[in-house]
Amino acid sequence: MSETENKKFTYYPGCSSQGSARHLDESLRAVAPELGIELEELDDWNCCGASVGHVGGGTLPNLSLTGRNLANASKQGRQDVLTGCAACYLNTHAGNEKIKKDVALRGRVNEALSAADLSYDDDLQVRHACEVIVNDVGLEKIKDRVTNPLTGLKVAGYVGCQTVRPFANTEGGGSYDTYDDPEFLDNFAEACGAEAVDFDVKTACCGGSVSVMNPEKTLHLIKQILDAAKDVGADVIATPCPLCQTNVEMYQEAINKEFGTDFNIPVVFYSQLMAVAFGMDKEKGAALQRNTIRSEKLEGMAKS
Amino acid sequence: MTQAVPEQASKKYDLGFARWVYENVDGGDKLSMCMQCGACSGSCPIGTQMDYGPRKLFMMIRAGMKDAVLSSNTLWNCTKCYRCVVRCPRGVPVTYILGGLGSKAVELGYADKEDSKSFASAFWWSASKFGRTDERLVTAKYYFSFGLVDGIKRGIANLKIAFGMIKTGRMHIGAPHKIKDAKGLQSILAKAKEIESRGGSASS
(Lines give C-alpha, C1' and ligand atoms only; values in the text may rest on other atoms or scores of the structure.)
Protein backbone atom coordinates (compact mmCIF):
# COMPACT_ATOMS: atom_id res chain seq x y z
CA MET A 1 0.00 0.00 0.00
CA SER A 2 1.49 3.34 -0.99
CA GLU A 3 1.59 6.22 1.43
CA THR A 4 -0.88 8.32 -0.49
CA GLU A 5 -3.36 5.76 -1.72
CA ASN A 6 -5.88 4.45 0.77
CA LYS A 7 -7.21 0.92 0.47
CA LYS A 8 -10.97 0.87 0.18
CA PHE A 9 -13.20 -1.49 2.15
CA THR A 10 -16.95 -1.95 2.40
CA TYR A 11 -17.54 -1.19 6.06
CA TYR A 12 -20.12 -3.15 8.05
CA PRO A 13 -20.46 -1.38 11.43
CA GLY A 14 -23.10 -3.68 13.00
CA CYS A 15 -25.96 -2.87 15.35
CA SER A 16 -23.82 -2.17 18.42
CA SER A 17 -22.25 0.73 16.49
CA GLN A 18 -25.51 2.62 17.05
CA GLY A 19 -25.78 1.60 20.69
CA SER A 20 -23.51 0.03 23.25
CA ALA A 21 -20.34 0.16 21.12
CA ARG A 22 -20.58 3.59 19.52
CA HIS A 23 -17.11 4.31 20.83
CA LEU A 24 -15.67 1.41 18.79
CA ASP A 25 -17.29 2.67 15.59
CA GLU A 26 -16.38 6.30 16.22
CA SER A 27 -12.75 5.65 17.09
CA LEU A 28 -12.31 3.12 14.28
CA ARG A 29 -13.67 5.58 11.71
CA ALA A 30 -11.32 8.20 13.18
CA VAL A 31 -8.12 6.13 12.99
CA ALA A 32 -8.85 4.29 9.72
CA PRO A 33 -7.71 7.06 7.30
CA GLU A 34 -4.52 7.47 9.36
CA LEU A 35 -3.83 3.80 8.72
CA GLY A 36 -4.52 4.06 5.00
CA ILE A 37 -7.96 2.47 5.24
CA GLU A 38 -10.94 3.98 3.48
CA LEU A 39 -14.27 2.84 4.88
CA GLU A 40 -17.30 3.00 2.64
CA GLU A 41 -20.36 2.06 4.65
CA LEU A 42 -22.34 -0.96 3.49
CA ASP A 43 -25.60 0.32 2.09
CA ASP A 44 -28.66 -0.46 4.22
CA TRP A 45 -26.81 -3.07 6.27
CA ASN A 46 -28.86 -5.31 8.55
CA CYS A 47 -28.24 -7.28 11.73
CA CYS A 48 -25.87 -10.31 11.45
CA GLY A 49 -28.00 -12.55 13.69
CA ALA A 50 -25.55 -12.33 16.62
CA SER A 51 -25.53 -15.31 18.99
CA VAL A 52 -29.22 -16.15 19.08
CA GLY A 53 -30.62 -15.44 15.58
CA HIS A 54 -30.70 -19.13 14.69
CA VAL A 55 -32.82 -19.81 17.79
CA GLY A 56 -35.25 -16.93 17.23
CA GLY A 57 -35.58 -17.24 13.47
CA GLY A 58 -34.25 -20.62 12.37
CA THR A 59 -31.01 -21.55 10.63
CA LEU A 60 -31.75 -20.51 7.04
CA PRO A 61 -33.53 -17.23 7.87
CA ASN A 62 -30.57 -16.40 10.12
CA LEU A 63 -28.11 -17.14 7.30
CA SER A 64 -30.23 -15.05 4.94
CA LEU A 65 -29.45 -11.99 7.09
CA THR A 66 -25.81 -12.48 6.09
CA GLY A 67 -26.89 -13.26 2.52
CA ARG A 68 -28.63 -9.91 2.22
CA ASN A 69 -25.60 -8.02 3.51
CA LEU A 70 -23.29 -9.86 1.11
CA ALA A 71 -25.64 -9.26 -1.83
CA ASN A 72 -25.68 -5.54 -1.06
CA ALA A 73 -21.91 -5.52 -0.53
CA SER A 74 -21.27 -7.11 -3.92
CA LYS A 75 -23.32 -4.33 -5.52
CA GLN A 76 -20.83 -1.88 -4.04
CA GLY A 77 -17.81 -3.58 -5.61
CA ARG A 78 -15.39 -6.46 -5.18
CA GLN A 79 -13.41 -4.85 -2.35
CA ASP A 80 -13.20 -6.74 0.93
CA VAL A 81 -15.86 -6.30 3.58
CA LEU A 82 -14.47 -5.04 6.89
CA THR A 83 -16.11 -5.12 10.29
CA GLY A 84 -14.88 -4.19 13.75
CA CYS A 85 -17.48 -6.25 15.60
CA ALA A 86 -16.58 -9.77 16.72
CA ALA A 87 -20.08 -11.20 16.29
CA CYS A 88 -20.63 -9.51 12.92
CA TYR A 89 -17.29 -10.90 11.78
CA LEU A 90 -18.02 -14.39 13.08
CA ASN A 91 -21.45 -14.64 11.48
CA THR A 92 -20.71 -12.86 8.24
CA HIS A 93 -17.36 -14.53 7.67
CA ALA A 94 -18.69 -17.98 8.59
CA GLY A 95 -21.83 -17.53 6.47
CA ASN A 96 -19.84 -16.24 3.51
CA GLU A 97 -17.40 -19.16 3.60
CA LYS A 98 -20.26 -21.64 3.89
CA ILE A 99 -22.14 -20.10 0.97
CA LYS A 100 -18.98 -20.00 -1.17
CA LYS A 101 -18.22 -23.68 -0.56
CA ASP A 102 -21.71 -25.11 -0.86
CA VAL A 103 -23.50 -24.66 -4.19
CA ALA A 104 -26.79 -26.09 -2.92
CA LEU A 105 -26.76 -23.80 0.10
CA ARG A 106 -26.02 -20.78 -2.08
CA GLY A 107 -29.05 -21.80 -4.15
CA ARG A 108 -31.25 -21.83 -1.05
CA VAL A 109 -29.96 -18.48 0.16
CA ASN A 110 -30.39 -16.94 -3.27
CA GLU A 111 -33.90 -18.32 -3.53
CA ALA A 112 -34.70 -16.48 -0.29
CA LEU A 113 -32.91 -13.32 -1.48
CA SER A 114 -34.90 -13.36 -4.73
CA ALA A 115 -37.94 -12.32 -2.66
CA ALA A 116 -36.32 -8.85 -2.58
CA ASP A 117 -34.72 -9.10 -6.05
CA LEU A 118 -31.29 -9.68 -4.56
CA SER A 119 -28.68 -12.30 -5.27
CA TYR A 120 -25.18 -13.08 -4.03
CA ASP A 121 -23.06 -14.68 -6.73
CA ASP A 122 -19.71 -13.16 -5.82
CA ASP A 123 -16.82 -14.47 -3.76
CA LEU A 124 -16.12 -11.56 -1.46
CA GLN A 125 -13.80 -11.72 1.54
CA VAL A 126 -15.15 -10.75 4.96
CA ARG A 127 -12.40 -9.53 7.26
CA HIS A 128 -11.97 -8.34 10.82
CA ALA A 129 -10.56 -4.84 11.30
CA CYS A 130 -7.74 -6.20 13.51
CA GLU A 131 -6.72 -8.73 10.86
CA VAL A 132 -6.63 -5.95 8.25
CA ILE A 133 -4.52 -3.79 10.55
CA VAL A 134 -2.06 -6.68 11.06
CA ASN A 135 -1.83 -7.91 7.48
CA ASP A 136 -2.54 -4.89 5.28
CA VAL A 137 -1.44 -1.99 7.46
CA GLY A 138 1.34 -3.35 9.66
CA LEU A 139 2.69 -2.26 13.01
CA GLU A 140 5.25 0.09 11.46
CA LYS A 141 2.49 2.23 10.05
CA ILE A 142 0.82 2.47 13.47
CA LYS A 143 4.16 3.54 14.98
CA ASP A 144 4.62 6.11 12.20
CA ARG A 145 1.34 7.76 13.07
CA VAL A 146 1.95 8.01 16.81
CA THR A 147 2.48 11.62 17.83
CA ASN A 148 1.35 11.22 21.41
CA PRO A 149 2.85 7.98 22.79
CA LEU A 150 0.98 6.41 25.69
CA THR A 151 4.14 6.19 27.78
CA GLY A 152 3.59 4.54 31.13
CA LEU A 153 0.04 3.31 30.44
CA LYS A 154 -0.30 -0.32 31.48
CA VAL A 155 -2.66 -2.11 29.11
CA ALA A 156 -4.16 -5.57 29.66
CA GLY A 157 -4.95 -6.84 26.16
CA TYR A 158 -8.19 -8.77 26.42
CA VAL A 159 -8.95 -10.38 23.06
CA GLY A 160 -12.00 -12.42 24.08
CA CYS A 161 -13.41 -15.18 21.91
CA GLN A 162 -15.00 -14.52 18.56
CA THR A 163 -12.38 -12.12 17.21
CA VAL A 164 -9.96 -15.05 17.04
CA ARG A 165 -12.08 -18.16 17.47
CA PRO A 166 -12.62 -20.09 15.36
CA PHE A 167 -11.12 -18.22 12.41
CA ALA A 168 -7.71 -16.91 13.47
CA ASN A 169 -4.89 -18.79 11.85
CA THR A 170 -7.13 -20.23 9.13
CA GLU A 171 -6.67 -19.57 5.44
CA GLY A 172 -10.02 -17.81 5.02
CA GLY A 173 -9.61 -15.99 8.34
CA GLY A 174 -6.46 -14.22 7.24
CA SER A 175 -3.82 -16.24 9.13
CA TYR A 176 -3.01 -13.31 11.34
CA ASP A 177 -2.54 -14.77 14.75
CA THR A 178 -3.24 -17.80 16.86
CA TYR A 179 -6.39 -18.42 18.85
CA ASP A 180 -4.57 -19.67 21.94
CA ASP A 181 -2.06 -16.90 22.52
CA PRO A 182 -2.82 -14.04 20.16
CA GLU A 183 -0.27 -11.24 20.17
CA PHE A 184 -1.84 -8.64 17.92
CA LEU A 185 -3.56 -6.67 20.67
CA ASP A 186 -0.40 -6.43 22.80
CA ASN A 187 1.47 -5.36 19.66
CA PHE A 188 -1.08 -2.62 18.96
CA ALA A 189 -0.72 -1.31 22.53
CA GLU A 190 3.08 -1.38 22.34
CA ALA A 191 3.03 0.33 18.94
CA CYS A 192 1.04 3.13 20.60
CA GLY A 193 3.82 3.50 23.17
CA ALA A 194 1.94 1.80 26.02
CA GLU A 195 3.13 -1.13 28.09
CA ALA A 196 1.35 -4.39 27.34
CA VAL A 197 1.25 -6.27 30.62
CA ASP A 198 1.26 -10.07 30.88
CA PHE A 199 -2.37 -11.11 30.77
CA ASP A 200 -2.92 -14.83 30.82
CA VAL A 201 -6.71 -14.68 30.45
CA LYS A 202 -6.54 -12.82 27.14
CA THR A 203 -8.84 -15.29 25.39
CA ALA A 204 -11.10 -16.11 28.34
CA CYS A 205 -14.83 -15.77 27.84
CA CYS A 206 -16.93 -12.90 29.27
CA GLY A 207 -20.09 -14.98 29.02
CA GLY A 208 -21.24 -13.34 25.79
CA SER A 209 -24.99 -13.12 25.41
CA VAL A 210 -25.51 -15.45 28.39
CA SER A 211 -24.15 -12.57 30.52
CA VAL A 212 -26.85 -10.34 29.06
CA MET A 213 -29.62 -12.88 29.72
CA ASN A 214 -28.49 -14.45 32.97
CA PRO A 215 -25.55 -12.61 34.52
CA GLU A 216 -25.85 -14.72 37.67
CA LYS A 217 -24.47 -17.62 35.60
CA THR A 218 -21.42 -15.78 34.34
CA LEU A 219 -20.31 -13.09 36.80
CA HIS A 220 -17.52 -15.42 37.95
CA LEU A 221 -16.18 -15.52 34.39
CA ILE A 222 -15.97 -11.73 34.22
CA LYS A 223 -14.44 -11.64 37.69
CA GLN A 224 -11.56 -13.85 36.49
CA ILE A 225 -10.75 -11.26 33.84
CA LEU A 226 -10.89 -8.39 36.32
CA ASP A 227 -8.85 -10.30 38.90
CA ALA A 228 -6.10 -10.93 36.36
CA ALA A 229 -6.06 -7.28 35.26
CA LYS A 230 -5.85 -6.10 38.85
CA ASP A 231 -3.08 -8.59 39.71
CA VAL A 232 -0.83 -7.20 37.00
CA GLY A 233 -1.66 -3.59 37.85
CA ALA A 234 -3.31 -2.72 34.55
CA ASP A 235 -4.50 0.88 34.14
CA VAL A 236 -6.96 -0.17 31.47
CA ILE A 237 -8.24 -3.34 29.88
CA ALA A 238 -8.26 -3.01 26.07
CA THR A 239 -10.44 -5.17 23.84
CA PRO A 240 -11.57 -5.39 20.21
CA CYS A 241 -14.99 -6.88 21.05
CA PRO A 242 -18.18 -4.82 21.61
CA LEU A 243 -19.85 -7.33 23.90
CA CYS A 244 -16.67 -7.97 25.92
CA GLN A 245 -16.29 -4.23 26.42
CA THR A 246 -19.84 -3.78 27.64
CA ASN A 247 -20.01 -6.93 29.79
CA VAL A 248 -16.68 -6.41 31.54
CA GLU A 249 -17.44 -2.72 32.12
CA MET A 250 -21.08 -2.74 33.17
CA TYR A 251 -21.05 -5.70 35.54
CA GLN A 252 -18.20 -4.51 37.78
CA GLU A 253 -20.60 -3.11 40.34
CA ALA A 254 -22.66 -6.31 40.41
CA ILE A 255 -19.44 -8.31 40.84
CA ASN A 256 -18.30 -6.05 43.68
CA LYS A 257 -21.65 -6.62 45.37
CA GLU A 258 -21.60 -10.38 44.84
CA PHE A 259 -17.96 -11.07 45.71
CA GLY A 260 -17.04 -8.17 48.02
CA THR A 261 -14.43 -6.82 45.59
CA ASP A 262 -13.70 -3.20 44.66
CA PHE A 263 -13.17 -3.27 40.91
CA ASN A 264 -13.35 -0.04 38.99
CA ILE A 265 -11.17 -0.80 35.96
CA PRO A 266 -11.72 1.09 32.70
CA VAL A 267 -12.36 -1.11 29.64
CA VAL A 268 -11.54 0.55 26.32
CA PHE A 269 -11.26 -0.41 22.67
CA TYR A 270 -7.82 -0.72 21.02
CA SER A 271 -9.00 1.89 18.50
CA GLN A 272 -9.56 4.38 21.34
CA LEU A 273 -5.94 3.84 22.40
CA MET A 274 -4.81 4.45 18.82
CA ALA A 275 -6.88 7.62 18.52
CA VAL A 276 -5.29 9.04 21.68
CA ALA A 277 -1.80 7.99 20.52
CA PHE A 278 -2.40 9.59 17.11
CA GLY A 279 -3.07 12.87 18.91
CA MET A 280 -6.77 12.97 18.13
CA ASP A 281 -9.45 14.73 20.13
CA LYS A 282 -10.40 12.73 23.21
CA GLU A 283 -14.10 12.99 22.44
CA LYS A 284 -14.44 13.42 18.69
CA GLY A 285 -11.61 11.00 17.90
CA ALA A 286 -11.20 8.64 20.82
CA ALA A 287 -14.80 8.82 22.10
CA LEU A 288 -13.55 8.46 25.69
CA GLN A 289 -16.69 10.14 27.02
CA ARG A 290 -18.62 6.99 26.10
CA ASN A 291 -16.92 4.80 28.70
CA THR A 292 -19.00 4.46 31.84
CA ILE A 293 -15.81 3.81 33.84
CA ARG A 294 -13.47 6.60 32.80
CA SER A 295 -9.70 6.28 32.74
CA GLU A 296 -8.23 9.44 34.24
CA LYS A 297 -4.77 8.34 33.18
CA LEU A 298 -5.70 7.81 29.53
CA GLU A 299 -7.82 10.96 29.41
CA GLY A 300 -4.96 12.89 30.96
CA MET A 301 -2.77 11.81 28.06
CA ALA A 302 -5.36 12.69 25.42
CA LYS A 303 -5.51 15.90 23.44
CA SER A 304 -8.69 17.86 23.95
CA MET B 1 -23.80 -58.96 44.61
CA THR B 2 -25.04 -58.87 41.04
CA GLN B 3 -27.98 -56.63 40.43
CA ALA B 4 -31.10 -58.14 38.99
CA VAL B 5 -31.51 -57.49 35.29
CA PRO B 6 -34.56 -55.25 34.80
CA GLU B 7 -37.27 -56.70 32.64
CA GLN B 8 -37.66 -53.55 30.63
CA ALA B 9 -35.71 -50.39 30.02
CA SER B 10 -36.37 -47.68 32.59
CA LYS B 11 -35.97 -44.91 30.01
CA LYS B 12 -37.33 -44.41 26.55
CA TYR B 13 -34.69 -44.42 23.86
CA ASP B 14 -35.35 -43.15 20.36
CA LEU B 15 -32.96 -45.19 18.28
CA GLY B 16 -33.47 -43.05 15.21
CA PHE B 17 -32.49 -39.86 17.05
CA ALA B 18 -28.80 -39.89 16.15
CA ARG B 19 -29.61 -40.25 12.47
CA TRP B 20 -32.20 -37.49 12.74
CA VAL B 21 -29.54 -35.22 14.25
CA TYR B 22 -27.05 -36.13 11.50
CA GLU B 23 -29.60 -35.24 8.85
CA ASN B 24 -31.46 -32.28 10.31
CA VAL B 25 -29.23 -30.35 12.68
CA ASP B 26 -26.80 -27.74 11.42
CA GLY B 27 -23.35 -29.38 11.64
CA GLY B 28 -24.92 -32.65 12.83
CA ASP B 29 -23.43 -34.63 9.95
CA LYS B 30 -20.01 -34.20 11.59
CA LEU B 31 -21.19 -35.73 14.85
CA SER B 32 -20.14 -39.19 13.69
CA MET B 33 -16.52 -37.98 13.95
CA CYS B 34 -16.75 -37.59 17.75
CA MET B 35 -14.45 -40.05 19.55
CA GLN B 36 -15.53 -39.05 23.07
CA CYS B 37 -12.16 -37.61 24.10
CA GLY B 38 -13.73 -34.80 26.13
CA ALA B 39 -11.53 -31.96 24.85
CA CYS B 40 -14.75 -29.98 24.33
CA SER B 41 -16.09 -30.38 27.86
CA GLY B 42 -12.62 -29.80 29.32
CA SER B 43 -12.32 -26.53 27.39
CA CYS B 44 -15.77 -25.23 28.23
CA PRO B 45 -15.74 -22.07 30.38
CA ILE B 46 -19.29 -22.68 31.59
CA GLY B 47 -19.36 -26.46 31.88
CA THR B 48 -20.12 -26.18 35.60
CA GLN B 49 -23.46 -24.58 34.74
CA MET B 50 -24.45 -27.28 32.25
CA ASP B 51 -26.60 -30.35 32.83
CA TYR B 52 -24.17 -32.28 30.63
CA GLY B 53 -20.97 -31.22 28.89
CA PRO B 54 -20.85 -31.52 25.09
CA ARG B 55 -19.04 -34.89 25.21
CA LYS B 56 -21.71 -36.48 27.33
CA LEU B 57 -24.48 -34.82 25.32
CA PHE B 58 -23.08 -36.30 22.11
CA MET B 59 -22.99 -39.76 23.71
CA MET B 60 -26.61 -39.26 24.75
CA ILE B 61 -27.51 -38.43 21.16
CA ARG B 62 -25.98 -41.71 20.06
CA ALA B 63 -27.88 -43.51 22.81
CA GLY B 64 -31.13 -42.02 21.53
CA MET B 65 -31.97 -39.93 24.60
CA LYS B 66 -33.96 -37.41 22.60
CA ASP B 67 -36.00 -35.81 25.39
CA ALA B 68 -33.03 -35.42 27.75
CA VAL B 69 -30.88 -33.91 25.01
CA LEU B 70 -33.43 -31.45 23.68
CA SER B 71 -34.53 -30.31 27.13
CA SER B 72 -31.01 -29.96 28.57
CA ASN B 73 -29.73 -26.52 29.54
CA THR B 74 -26.46 -27.32 27.74
CA LEU B 75 -28.03 -25.88 24.61
CA TRP B 76 -28.76 -22.59 26.38
CA ASN B 77 -25.74 -22.07 28.57
CA CYS B 78 -23.24 -22.28 25.71
CA THR B 79 -21.64 -18.82 25.48
CA LYS B 80 -20.42 -19.35 21.89
CA CYS B 81 -16.76 -18.99 22.82
CA TYR B 82 -15.72 -21.59 20.19
CA ARG B 83 -12.96 -23.02 22.36
CA CYS B 84 -14.34 -26.54 21.80
CA VAL B 85 -14.48 -25.97 18.03
CA VAL B 86 -10.81 -25.04 17.76
CA ARG B 87 -9.66 -27.74 20.15
CA CYS B 88 -11.62 -30.71 18.82
CA PRO B 89 -9.03 -33.06 17.32
CA ARG B 90 -11.65 -34.52 14.98
CA GLY B 91 -12.99 -31.26 13.57
CA VAL B 92 -16.46 -31.55 15.10
CA PRO B 93 -18.13 -28.11 14.99
CA VAL B 94 -19.35 -28.46 18.59
CA THR B 95 -20.67 -24.91 19.10
CA TYR B 96 -22.58 -25.01 15.82
CA ILE B 97 -24.15 -28.37 16.72
CA LEU B 98 -25.30 -27.05 20.11
CA GLY B 99 -26.78 -24.05 18.31
CA GLY B 100 -28.46 -26.29 15.74
CA LEU B 101 -29.91 -28.46 18.51
CA GLY B 102 -31.17 -25.27 20.17
CA SER B 103 -33.03 -24.23 17.01
CA LYS B 104 -34.63 -27.68 16.79
CA ALA B 105 -35.50 -27.71 20.51
CA VAL B 106 -37.41 -24.45 20.03
CA GLU B 107 -39.10 -25.72 16.89
CA LEU B 108 -40.23 -28.92 18.62
CA GLY B 109 -41.51 -27.16 21.74
CA TYR B 110 -38.83 -28.34 24.18
CA ALA B 111 -37.74 -24.82 25.11
CA ASP B 112 -40.97 -23.00 25.89
CA LYS B 113 -39.85 -22.11 29.40
CA GLU B 114 -36.24 -21.27 28.57
CA ASP B 115 -34.98 -17.72 29.16
CA SER B 116 -32.96 -18.07 25.99
CA LYS B 117 -36.06 -18.67 23.94
CA SER B 118 -37.63 -15.47 25.29
CA PHE B 119 -34.42 -13.59 24.63
CA ALA B 120 -34.06 -15.05 21.14
CA SER B 121 -37.69 -14.20 20.33
CA ALA B 122 -37.20 -10.61 21.49
CA PHE B 123 -33.99 -10.42 19.49
CA TRP B 124 -35.55 -11.83 16.32
CA TRP B 125 -38.54 -9.51 16.69
CA SER B 126 -36.20 -6.53 16.50
CA ALA B 127 -33.90 -7.95 13.80
CA SER B 128 -36.78 -8.84 11.50
CA LYS B 129 -39.00 -5.81 12.20
CA PHE B 130 -36.33 -3.09 12.03
CA GLY B 131 -33.51 -5.00 10.33
CA ARG B 132 -31.36 -4.09 13.31
CA THR B 133 -30.98 -5.03 16.95
CA ASP B 134 -32.33 -2.34 19.21
CA GLU B 135 -30.50 -3.35 22.39
CA ARG B 136 -32.82 -1.31 24.57
CA LEU B 137 -36.08 -2.76 23.21
CA VAL B 138 -34.74 -6.31 23.08
CA THR B 139 -33.73 -6.09 26.73
CA ALA B 140 -37.06 -4.56 27.76
CA LYS B 141 -39.06 -7.11 25.78
CA TYR B 142 -36.98 -9.90 27.30
CA TYR B 143 -37.47 -8.60 30.87
CA PHE B 144 -41.23 -8.27 30.42
CA SER B 145 -41.52 -11.75 28.92
CA PHE B 146 -41.39 -12.88 32.57
CA GLY B 147 -44.54 -10.89 33.36
CA LEU B 148 -45.17 -7.31 34.41
CA VAL B 149 -43.98 -7.61 38.01
CA ASP B 150 -40.83 -9.54 37.18
CA GLY B 151 -40.18 -7.22 34.25
CA ILE B 152 -40.30 -4.16 36.48
CA LYS B 153 -38.09 -5.88 39.06
CA ARG B 154 -35.47 -6.73 36.46
CA GLY B 155 -35.68 -3.22 35.05
CA ILE B 156 -35.11 -1.66 38.46
CA ALA B 157 -32.20 -4.01 39.18
CA ASN B 158 -30.50 -2.75 36.02
CA LEU B 159 -31.54 0.89 36.23
CA LYS B 160 -28.09 2.13 37.12
CA ILE B 161 -26.54 0.36 34.14
CA ALA B 162 -29.27 1.82 31.89
CA PHE B 163 -28.64 5.36 33.18
CA GLY B 164 -24.92 4.91 32.59
CA MET B 165 -25.59 3.86 29.02
CA ILE B 166 -27.96 6.78 28.42
CA LYS B 167 -25.54 9.28 29.94
CA THR B 168 -22.72 8.12 27.67
CA GLY B 169 -24.98 8.09 24.60
CA ARG B 170 -24.81 4.32 24.25
CA MET B 171 -28.52 3.81 24.72
CA HIS B 172 -30.34 6.12 22.39
CA ILE B 173 -33.63 7.81 23.08
CA GLY B 174 -36.30 7.87 20.39
CA ALA B 175 -37.45 5.69 17.52
CA PRO B 176 -35.48 2.52 16.75
CA HIS B 177 -32.85 2.60 14.02
CA LYS B 178 -34.45 0.98 11.02
CA ILE B 179 -33.11 -0.15 7.65
CA LYS B 180 -34.53 1.48 4.49
CA ASP B 181 -35.83 -1.74 2.98
CA ALA B 182 -37.32 -3.48 6.01
CA LYS B 183 -40.12 -4.82 3.80
CA GLY B 184 -37.62 -6.45 1.46
CA LEU B 185 -35.82 -8.02 4.39
CA GLN B 186 -39.07 -9.38 5.78
CA SER B 187 -39.90 -10.96 2.41
CA ILE B 188 -36.47 -12.60 2.37
CA LEU B 189 -36.91 -13.99 5.88
CA ALA B 190 -40.42 -15.28 5.14
CA LYS B 191 -39.13 -16.99 1.99
CA ALA B 192 -36.19 -18.50 3.90
CA LYS B 193 -38.55 -19.87 6.51
CA GLU B 194 -40.69 -21.42 3.80
CA ILE B 195 -37.65 -23.04 2.18
CA GLU B 196 -36.48 -24.35 5.53
CA SER B 197 -39.87 -25.88 6.28
CA ARG B 198 -39.42 -28.06 3.20
CA GLY B 199 -36.87 -29.92 5.32
CA GLY B 200 -33.15 -30.53 5.50
CA SER B 201 -30.56 -28.49 7.33
CA ALA B 202 -29.13 -25.19 6.17
CA SER B 203 -25.82 -26.87 5.60
CA SER B 204 -27.12 -29.18 2.88
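Among contacts in chain B between residues at least 6 apart in sequence, 61% join residues at least 24 apart. The model is predicted.

**Chain B.** Chain B holds 12 helices and 0 strands. From the N terminus on, its elements run α-α-α-α-α-α-α-α-α-α-α-α. Along the principal axes, the C-alpha atoms of chain B fill a box of roughly 70 × 40 × 35 Å. Chain B has 204 residues, and 42% of them count as buried. The domain assignment gives chain B a domain 1 (17-107) and a domain 2 (115-197). The C-alpha centres of domain 1 and domain 2 of chain B lie 28 Å apart.

**The interface.** Chain A brings 54 residues to the contact, and chain B brings 58 residues. On the side of chain A that touches chain B, at least two residues each come from α2 (53-57), α3, α5 (103-113), α9 (208-213) and α10 (215-231). The largest share, 7 residues, comes from α3(A). The residues of this side of chain A divide into 24 nonpolar, 21 polar and 9 charged.

Helix α3 of chain A (residues 59-76) meets helix α12 of chain B (residues 182-197), and their axes come within 8 Å. The axes cross at roughly 140°. Angles over 145 degrees would count as roughly antiparallel; α3(A) and α12(B) are therefore oblique to each other. Their crossing is right-handed. From α3(A), the residues in contact are A:Thr59, A:Leu60, A:Pro61, A:Ser64 and A:Arg68. From α12(B), they are B:Leu185, B:Ile188, B:Leu189, B:Ala192, B:Lys193, B:Ile195 and B:Glu196. The residues of this contact divide into 7 nonpolar, 2 polar and 3 charged.

| Side of chain A that touches chain B | 24 nonpolar residues | 21 polar residues | 9 charged residues |

**A:Ser64.** This residue is found in helix α3 of chain A. Is A:Ser64 buried or exposed? A:Ser64 has 36 C-beta neighbours inside 10 Å, so A:Ser64 counts as buried. Residues up to four places away in sequence aside, A:Ser64 touches A:Val109, A:Ala112 and A:Leu113 in chain A, and B:Ile188, B:Leu189 and B:Ala192 in chain B. A:Arg106 is 42 residues from A:Ser64 along the chain, and their C-alpha atoms are separated by 10.0 Å.

Terms used:
Residues numbered from 1 in each chain as written. Chains lettered and ligands numbered in written order. Predicted model: local features only at pLDDT ≥ 70, side-chain atom pairs only at ≥ 80, totals over all residues. Axes fitted to C-alpha atoms, helices over the stretch in contact; angles between N-to-C directions. Helix = DSSP H or I, 4+ residues; strand = E, 2+ residues; numbered from the N terminus. Parallel < 35°, antiparallel > 145°, perpendicular 65-115°, else oblique. Left-handed = near helix turned anticlockwise from the far one by under 90°. Contact = placed C-beta atoms within 7 Å. Nonpolar A, V, L, I, M, F, W, Y, C, P; charged D, E, K, R; others polar. Domains from an automatic or database assignment. Buried ≥ 20, exposed ≤ 12 C-beta atoms within 10 Å, placed from the backbone.
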